[in-house]
Amino acid sequence: MPQKYSTGHDHISSRVVKHAIEYLADILAELINCSMQNGVVPDELKIAKVVPIYKTGDTNIFSNYRPISVLPFFSKLFEKAIANRITEYMDKYNVINNCQFGFRKQRSTDMAVIEMIEKITQALDSNSYAVGIFLDLSKAFDTVNHTILLSKLEHYGIRGIALKWFKNYLSDRYQYVSIENLDSRKQKITCGVPQGSILGPILFLLYINDIINSSSILHFILFADDTNLFYCNKSMEELNRILNDELQSVVSWINANKLTLNIDKTNFIVFKSINKSNPTISVEINGNIINRVHNTKFLGVYVDENLAWNAHVSNISKKVSKNIGILYKLRYKLSTAVLLTLYNSLLLPYFSYCNIVWACCYHSRLASLIVLQKRAVRIVSNISGRAHTSPLFRNNNILKITDINNMQVALFMFKYYNSLLPPLFDSFFALNVDVHSYFTRSSQMFHIPSIRTNMRKHSIVFVGPRLWNHINPCICNSQSVNSFKFQYKKFLLSQY
């Protein structure tokens with residue numbers, strides 16, 4: 001019988017609790033209230049079962065396994081009650097800095113990538129050099145120092161019984177490894193935030209929150225432990241000097257907070273236009289030369305120095321091709337409805353993830369993906385390889401890659417128009433009436449800024465207003481996000 005990874009050390013399934021919740025609710029509420037009033041967390045809820053899941057490579061090498069920490073289901077109920085309160089407190093007083101995108105409401109990876117592209121293209125459009133440094137923190141969640149974390153919680157206003165609760169929550173925690181029903185001895189955890197917990201990510205955000213104070217010059221983009229720095233300057237010599245000086249301040253913060261920087265996996269990119277010559281630059285950390293790369297993986301997206309997205313398109317083309325092969329083998333054994341479900345689960349995530357950024361490029365760069373998507377739609381529809389695909393897209397309610405991009409851009413603009421985006425994006429766009437005082441028919445349309453470079457023309461700042469200004473006002477004035485998505489998708493499909 002296969003091992004059940006979903007249950008903690010108490011072997012109590014969440015399904016059992018959910019079925020009996022009407023009998024347990026009052027008791028659990030009493031226990032949670034008692035825990036918060038006394039600042040004590042039951043010891044049985046602080047034991048984690050660690051299950052190693054194989055990733056790839058040699059099965060005899062420990063580093064080829066991902067440790068999955070499984071906590072008792074009841075601990076998540078306690079944590080959820082605390083998480084709701086601390087999140088409400090952080091939002092009310094804007095505790096978390098605007099550079100942090102991870103584990104936050106109304107923020108996502110695509111917004112972090114959009115922010116990065118905005119800073120880079122803005123610099124290049126003003127004829128400046130732009131450099132991005134992609135830091136790799138080793139085991140960041142596992143190396144959080146409890147003493148430092150508690151002092152930061154107190155600094156952010158979490159004091160008294162609340163601070164006592166967190167101190168108790170972090171102390172006397174144990175974990176053991178479970179492999180094929182064999183369990184190791186329990187070992188005490190002396191540092192780190194609990195993996196697999198609800199509070200773990202929140203506590204880490206508070207721990208790393210003040211890293212932005214280490215430099216007032218560098219621009220930070222954070223997604224939990226993914227720490228990325230950007231700086232631009234018209235002079236490459238000055239950029240090189242300032243970048244190294246400021247980077248030392250950031251490294252000093254990392255060392256002071258007892259985190260570890262993996263020098264080998266840390267790299268940087270000098271962003272430039274395709275026609276511009278390669279500048280010489282040397283970036284160092286504690287005397288170690290940082291690798292300069294032409295492209296790197298940033299939050300699941302391969303970013304290259306020219307923002308051409310060739311590396312990203314090539315990477316997902318390989319993955320999509322493999323999954324299309326699965327569809328092809330199953331085409332005669334499954335119905336169209338089931339094949340469509342497989343398309344939505346095996347292919348659509350690759351076509352959609354951060355499409356708002358990488359699919360704004362020239363269509364010629366998307367050619368391989370466009371061909372693959374057409375092939376997939378023909379397989380789903382069980383049609384020959386030469387059939388015209390536009391009716392197939394429409395009949396199966398599937399958007400083309402370019403229209404997935406239109407949808408995501410339009411949705412971003414709709415959220416901006418209705419003030420549903422984080423404050424970080426407040427200055428991204430402007431209406432014509434805000435730019436000039438003349439009353440014209442287009443005064444309430446978005447202003448399309450003057451752009452010098454093609455890189456900037458492919459950014460949301462230029463693409464967004466241009467697309468939004470051509471959408472039917474009836475669709476733009478939708479009452480909700482879901483209503484807008486439904487109406488705009490209906491419009492896009494009608495064009496096929």
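In what order do the strands of the open sheet of five strands stand? The order is β7-β8-β3-β9-β12, and the pairing is mixed. The model is predicted, so to speak of local features requires pLDDT of at least 70 and side-chain atom pairs count only at pLDDT 80 or more, while totals for chains, interfaces and linings use all residues. Residues are numbered from 1 along each chain as its sequence is written, and side-chain values use heavy atoms, with hydrogens and water left out.

Helices (H or I, at least four residues) and strands (E, at least two) are DSSP runs, numbered from the N terminus. Two strands pair if DSSP finds at least two bridges between them. At the edges of the sheet stand β7 and β12 (291-292), each with a single partner strand, so one side of each has no neighbour in the sheet.

Five bridges connect β7 with the antiparallel strand β8 (residues 226-233), and I221 stands opposite N228 in β8. The hairpin of these two strands has two residues between them, and A224 takes a positive phi near 60° there.

Aromatic rings of Phe, Tyr and Trp (its six-membered ring) pair if their centres lie within 6.5 Å; planes under 30 degrees apart count as stacked, over 60 as edge-to-face and the rest as tilted. The count comes to 24 aromatic pairs. One of them is F412 with F429, edge-to-face at 6.3 Å centre to centre and 75° between the planes. Both F412 and F429 are buried, and they belong to one aromatic cluster that also includes W468 and Y488.

Charged ends also sit over rings, meaning that NZ of Lys or CZ of Arg is within 6 Å of the ring centre and within 35 degrees of the ring normal.

| Charged residue | Ring | Distance from ring centre |
|---|---|---|
| R107 | F101 | 5.5 Å |
| R173 | Y169 | 4.6 Å |

Methods
Buried < 20%, exposed > 50% of the residue type's maximum accessible area, 1.4 Å probe, protein only.
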